[in-house]
Amino acid sequence: MAVKPSPTRKPLFRRNRIFTDYVPALIALVIIFWVATAIRWDFVATLQFEFLWQFRWALLQGLGITLLLTGVAMTAGLPAGFLLAAMMQSPWPPIRWLAFVYVESLRNTPLVLQLFWIHYALPSFTGYSTTVLQSGMIAMTMQSSAYLADVARTGIQAIGHGQWEAAKALGLPRRVVWMKVVLPQALKIIIPPLANIAIGYFKASAVLALLAVGDLMTVGVRIANFTFKPIETLTVVGIIYLVLGYIFSSLTYRLEALYGKSEVGR
């Protein structure tokens, strides 16, 4: 026996179409109209961007340092994050508490505060001083390790309990269990969030300009102060961040899709 469609579904479907299709389009048109009428286009016509071509090598150098800072933070932070995640799984409470205090301290304080503390306060306690670039690398690596520890812990906890029991039944040493069984699987699980954290630190590295680390934002601020053209300079710097962030995000989506296909193909 055929089931007749409910008479209330069609109006409800149309009402949903209004909210999902027409309302966002109307809001977008209002925003475009407001922007078009609010912007002083005569001022926009006076902006000059061509002078930035002479600073292209300085900007590229700053971009290289930004990528270096991001790469070091992720490359050094990932094994540190796995180590912290393993400490959180330790049966000894003092080790778990130590990892907990480290992770929570670095996750719940601003990166700029950690940067200033490492560069100005740490030398007073230890007698060792670091350059601004070294301080930036240390601060970003320490904070990324705290965030990556949480991500790594999620990947480790996703490993089935049966695999731990099977490895224990086979008498595998704990180091072999971690290196051959747990970490390879956990690493595949955390690839998508790992890429998102890398993109986040690529953008967050702009905070290091407060110490004039030499990254892209630092170079942009110096050029702006030298040429007295902050709008053009910082607009171009923002476009560079936007383009690279979009490229990295697209690569992340492809990585997630590739990883999803490999999981489906199993």
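Reply: H8 and H9 are oblique to each other, because angles under 35 degrees count as roughly parallel, over 145 as roughly antiparallel, 65 to 115 as roughly perpendicular and the rest as oblique. This is a predicted model, in which local features need pLDDT of at least 70 and side-chain atom pairs pLDDT 80 or more, while totals for chains, interfaces and linings use all residues. Residues are numbered from 1 along each chain as its sequence is written, and side-chain values use heavy atoms, without hydrogens and water.

Me: At what angle do the axes of helix H8 and helix H9 cross?

Reply: Two packed helices are described by the angle between their axes and the distance between the axes. Here the axes of H8 (residues 174-189) and H9 (residues 191-204) cross at roughly 60 degrees and come within 5 Å. Axes are lines fitted to C-alpha atoms, for helices over the stretch in contact, with angles from 0 to 180 degrees between N-to-C directions. Helices are DSSP runs (H or I, at least four residues), numbered from the N terminus.

Me: Which residues of H8 and H9 make the contact?

Reply: Contact means heavy atoms within 4.5 Å. H8 contributes Leu187, Lys188 and Ile189, and H9 contributes Ile191, Pro192 and Pro193.

Me: Is Leu69 buried or exposed?

Reply: Buried means under 20% relative accessible area, exposed over 50%, partly exposed in between (1.4 Å probe, protein chains only). Leu69 has 0% relative accessibility and therefore counts as buried. Leu69 belongs to helix H3 (residues 56-88). Beyond neighbours within four places in sequence, its contacts include Leu133, Met137 and Leu208.

Methods. Helices (H or I, at least four residues) and strands (E, at least two) are DSSP runs, numbered from the N terminus.
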